[in-house]
Amino acid sequence: MPAAPSPATPEEVMRATEELESKAPPSPSPDDADENEDDNDDGAEEEGGDTTAAKKKKKKKKKKKPASAKAAAVKAVIGEGSKPCPSRGVTGFVDSYVRYGQTDPPTIPVAELPVFAGGNFPEGEIMEHPGDFNAYRIGSEEKRALERMHTDLYSKVRLAAEVHREVRRYAQSFIKPGIKLADMCEMLENKNRELVQERGLERGIGFPTGCSLNHVAAHYTPNTGDNTVLQYGDVMKVDFGTQIDGRIIDCAWTVSFDPVYDPLLEAAKMATNEGVKTAGIDVRLCDIGEAIQEVMESYEVEINGKVYPVKCCRNLNGHSIGPYQIHGGKSIPIVKGGDATKMEEGEFYACETFGSTGRGYVVEMEEGEFYACETFGSTGCGYVVKDLECSHYMRDFDVQHVPLRLPRAKQLLSHINKTFGTLAFCRRWLDRPDGGSTFVNGATGGQQVKYLGALKQLCDSGVVNAYPPLCDIKGSYVAQYEHTFLLRPTCKEVLSRGDDF
Ligand code: HZT
Ligand code: MN
Ligand code: MN
């Protein structure tokens, strides 16, 4: 039950898109305004060199100039053909990577851009570790010496992050109402492979492209044959990853076209930024959760004349990230009352928050399963849902060896081991002629056929885990933003930060 009428004819789709393109960007928060300004600033953000004074000066200038003059000035700096982003929830220009000498659309592998010669990839956003007890870190020679031992690691994760930024910028240029989600995922994933120079387990996609819609919060990607088309009234979470030597950048944003959802998107964006800001060495995970909830729940959103408080999805969390391990073992709660474990030097985290107009609690729903109505916040009879199939799977990181008698299960596990290792994968990839990696299996030597029984056996044996779509109540809307950061000895580096979000 979409809140706004969805454009049905191609003409209506075009009109909706044109309307969006002619509209001013969403009412900018102070943060958004800064990010927007940075876009015409030739990578100043990445160099961490933009001073507050410089920003103030630019802001004043902007106020005096009419919008058209500003747009022209920005265009002159970025280059010919600068395009504002057609979807809401992000800022800046979709071809901003041309400032690095990248083509538009991007075709040059990021590691081959001359501007990054010698592995000199852009640093993420640098923030100080919060707390007086951390103040010494930023100037500590001892901590700086520790960082010099990790130059290669930092270079790898910064490369993965730059690939993520360029792939998502490209995706933002073609994600419009009317696109088939399977096509969107294939284009995004193929660009990810191309820009990262996919080499099997060495470098490639970090995990399947989530494109969960509306009340589905996470872990939906189309299976083969799914013809779902993105609608004007949809709220879509685009969640994808890039990995180099197992170091995964996990980063997501929300796409919507109808401005009624802007406050919901803003709530999740601000809550994620609050989590990123609050995080640091020796900070308790529960304190981050409390700060996130405070920000998220300060928003409300009016849809069809009804006002909804924005709620945190309380059983979803951010997480630490280890090499080849998307969930490293620690969780960042997004509500108060979490555990008091502290963050530690050297750890990687994905801070992700989910704001919902629904119950603020997600359940796994599998096609054909039986649910009591209580599950959906009402009482009475139970019913069977015909909802979403599972698409996401991942080898259990800790399960070493399981005896498998059935040859088809054995063969599938061997395919998974060599193609994905302990990285997550989806059914669509098993259906590809390369079985998920041209580097590992050759362009046509990897396709898996009639594997669903074998996959189920691997799940039943515990060696593979299924990650079904996580759903709030039907008719609700969920927004998500996510960033990956690193707790360096001297500072916090928000690796995935871009000028879009
Ligand atoms: C699992 C399977 C995948 C990790 C978080 C996430 C997308 O919900 C502890 C905290 C991909 C990722 C994951 F195929 N999950 N981030 N981005 N999904 S999670 C999780 O399972 S476990 C969060
Ligand atoms: Mn994610
Ligand atoms: Mn994540």
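**Figure 1. Contacts of D250 in the predicted model.** Leaving aside residues up to four places away in sequence, D250 touches F207, D239, F240, H319, I321, I326, A350, E352, E482, H483 and T484, a contact being heavy atoms within 4.5 Å. This is a predicted model, in which local features need pLDDT of at least 70 and side-chain atom pairs count only at pLDDT 80 or more, whereas totals for chains, interfaces and linings use all residues; side-chain values use heavy atoms, with hydrogens and water left out. Residues are numbered from 1 along each chain as its sequence is written, while chains are lettered from A and ligands numbered from 1 in the order in which they are written. D250 belongs to strand β5, which covers residues 247–256; helices (H or I, at least four residues) and strands (E, at least two) are DSSP runs, numbered from the N terminus. With a relative accessibility of 4%, D250 counts as buried, where buried means under 20% relative accessible area, exposed over 50% and partly exposed in between, for a 1.4 Å probe and protein chains only. The side chains of D250 and H319 are joined by a polar contact of 3.0 Å, a term for a pair of N or O atoms within 3.5 Å of which, within protein, one must be able to donate a hydrogen and the other to accept it, residues adjacent in sequence counting only if both atoms are side-chain atoms.

Figure 2. D239 lies in strand β4 (residues 235–244) and is buried, its relative accessible area being 13%.

Figure 3. H219 is placed in the loop between β3 (216–218) and β4, and its relative accessibility of 30% makes it partly exposed. Apart from its neighbours within four places in sequence, H219 is in contact with S212, S391, H392, Y467, P468, P469 and L470. H327, found in the loop between β9 (318–321) and β10, is likewise partly exposed, with a relative accessible area of 39%, and touches H319 and S320 when residues up to four places away in sequence are not counted. H319 is also the partner of D250 in the side-chain polar contact of 3.0 Å.

**Figure 4. E347 and its polar partners.** E347 lies in the loop between β10 (331–332) and β11 (348–356), and a relative accessible area of 17% places it among buried residues. The side chain of E347 makes a polar contact of 2.8 Å with the side chain of K330, and a polar atom of the E347 side chain lies 2.7 Å from the backbone nitrogen of E344. With residues up to four places away in sequence set aside, E347 touches K330, F485, L486 and L487.

**Figure 5. Packing of helices α9 and α10.** The axes of α9 (residues 262–278) and α10 (residues 285–296) come within 8 Å and cross at roughly 155 degrees; axes are lines fitted to C-alpha atoms, for helices over the stretch in contact, and angles run from 0 to 180 degrees between N-to-C directions. The two helices are therefore roughly antiparallel to each other, given that angles under 35 degrees count as roughly parallel, over 145 as roughly antiparallel, 65 to 115 as roughly perpendicular and the rest as oblique. Their crossing is right-handed, that is, the near helix is turned clockwise from the far one by less than a right angle, anticlockwise being left-handed. In α9, A267, A268, M270, A271, E274, G275 and T278 meet D287, I288, A291, I292, V295 and M296 in α10.

**Figure 6. Packing of helices α11 and α14.** The axes of α11 (residues 407–419) and α14 (residues 452–461) come within 8 Å and cross at roughly 80 degrees, which makes α11 roughly perpendicular to α14. Here R408, A409, L412, L413 and I416 in α11 meet A454, L455, Q457 and L458 in α14.
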